[in-house]
Amino acid sequence: MTFYVENETTTSFPFDVESLVKQVAEAVLDAEACPYEVQVNVLLTDNEGIHAFNKEYRGIDRETDVLSFPNLDFVRAGEFTIDECREADYFDPDTGELIMGDIIISVDKVREQAESYGHSEKRELAFLLAHSMFHLCGYDHMEADEAKVMEEKQEGILKKLGITRD
């Protein structure tokens, strides 16, 4: 599995971000029984940067904490059935890995929300990563029942990894 992590800010954390990305992403993919080796791209930016992405790609003129850009079209969330005619769109021809998509996270929001919720920055970043990984696996939270499923899955991953509200 390949996880590309780019930090376009000068912000650093007291933990290894790349290790956390790998740990959380692999836990989500294991929980979803993803049968493929995958690629995930993660960009850490600031509030200004995520605001620009949010405006350009979603037409929403404000900052947010995390954006997810899935590469896959799921018939049902978490069901990794790939139609042969879409394989060229979904798999990296050089590595054979399934290209899951992109995640963009505001490090400013990680810090703000960790303080606001009274937990560590590591826990906040792990939560946002899990949340976004479930989006890359086809889940959404537009309806109350969908939101409940995502929340339970996210909390399950963090609990399994021992990343709690401390």
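Predicted model: local features only at pLDDT ≥ 70, side-chain atom pairs only at ≥ 80, totals over all residues.
At 1% relative accessibility, Leu29 is classed as buried, because a residue counts as buried when its relative accessible area is under 20%. Leu29 belongs to helix H1, which covers residues 17-31.

Beyond residues up to four places away in sequence, Leu29 touches Met1, Cys34, Val38, Met100, Met133 and Cys137. For Leu29 and Lys122, which are 93 residues apart along the chain, the separation of the C-alpha atoms is 20 Å.

## Overall architecture

The chain holds six helices and four strands. Read from the N terminus, the order of these elements is β-α-β-α-β-α-β-α-α-α.

A compact globule of 166 residues would have a radius of gyration near 15 Å, and the 16 Å of this chain therefore agrees with such a form. Along the principal axes, the C-alpha atoms fill a box of roughly 45 × 35 × 35 Å. Of the contacts in the chain with a separation of 6 or more, 71% are accounted for by residues 24 or more positions apart.

## Surface and charge

Of the 166 residues in the chain, 44% are buried. The chain exposes about 9100 Å², and 45% of this area is supplied by carbon and sulfur atoms.

The charged side chains comprise 15 positive and 37 negative ones. The centres of these two sets lie 7 Å apart.

## The largest nonpolar core

The largest nonpolar core has 43 residues, and those with the most contacts inside it are Val40, Leu98, Met100, Ile105 and Leu125. At least two residues of this core come from each of the following elements: H1, strand S2 (38-45), strand S4 (98-106), helix H4 (107-117), helix H5 (121-136) and helix H6 (144-161).

Leu98, one of the residues with the most contacts inside the core, has a list of contacts that leaves out residues up to four places away in sequence. On that list are Cys34, Tyr36, Glu37, Val38, Gln39, Leu72, Phe80, Ile82, Tyr90 and Phe91.

## Gly101 in strand S4

Gly101 is located in strand S4. Its relative accessibility is 4%, so Gly101 counts as buried.

Neighbours within four places in sequence aside, Gly101 is in contact with Gln39, Val40, Asn41, Phe69, Pro70, Asn71 and Leu136. Computed along the sequence, Gly101 and Leu158 are 57 residues apart, while their C-alpha atoms are 21 Å apart in space.

Ala33 is found in the loop between H1 and S2. The phi angle of Ala33 is near 55°, a positive value in a residue other than glycine.

With 57% relative accessibility, Ala33 counts as exposed, because the exposed class begins over 50%.

Glu124 lies in helix H5 and is buried, with a relative accessible area of 2%. Apart from its neighbours within four places in sequence, Glu124 is in contact with Val110, Gln113, Ala114, Tyr117 and His119. The C-alpha atoms of Glu124 and Thr164 are 9.6 Å apart in space, and the two residues are 40 residues apart in sequence.

Glu151 is placed in helix H6. Its relative accessible area is 49%, so Glu151 is partly exposed. Glu151 and His141 are 10 residues apart in sequence, with 8.8 Å between their C-alpha atoms.

Notes. Residues numbered from 1 in each chain as written. Heavy atoms only, no water. Rg over C-alpha atoms; globule rule 2.2 N^0.38 Å. Buried < 20%, exposed > 50% of the residue type's maximum accessible area, 1.4 Å probe, protein only. Contact = heavy atoms within 4.5 Å. Areas by Shrake-Rupley, 256 points an atom, 1.4 Å probe, with all protein chains shown as cover. Lys, Arg positive; Asp, Glu negative; His and termini not counted. Charge placed at Lys NZ, Arg CZ, Asp CG, Glu CD. Core = buried A, V, L, I, M, F, W, Y, C linked by side-chain atoms within 4.5 Å.
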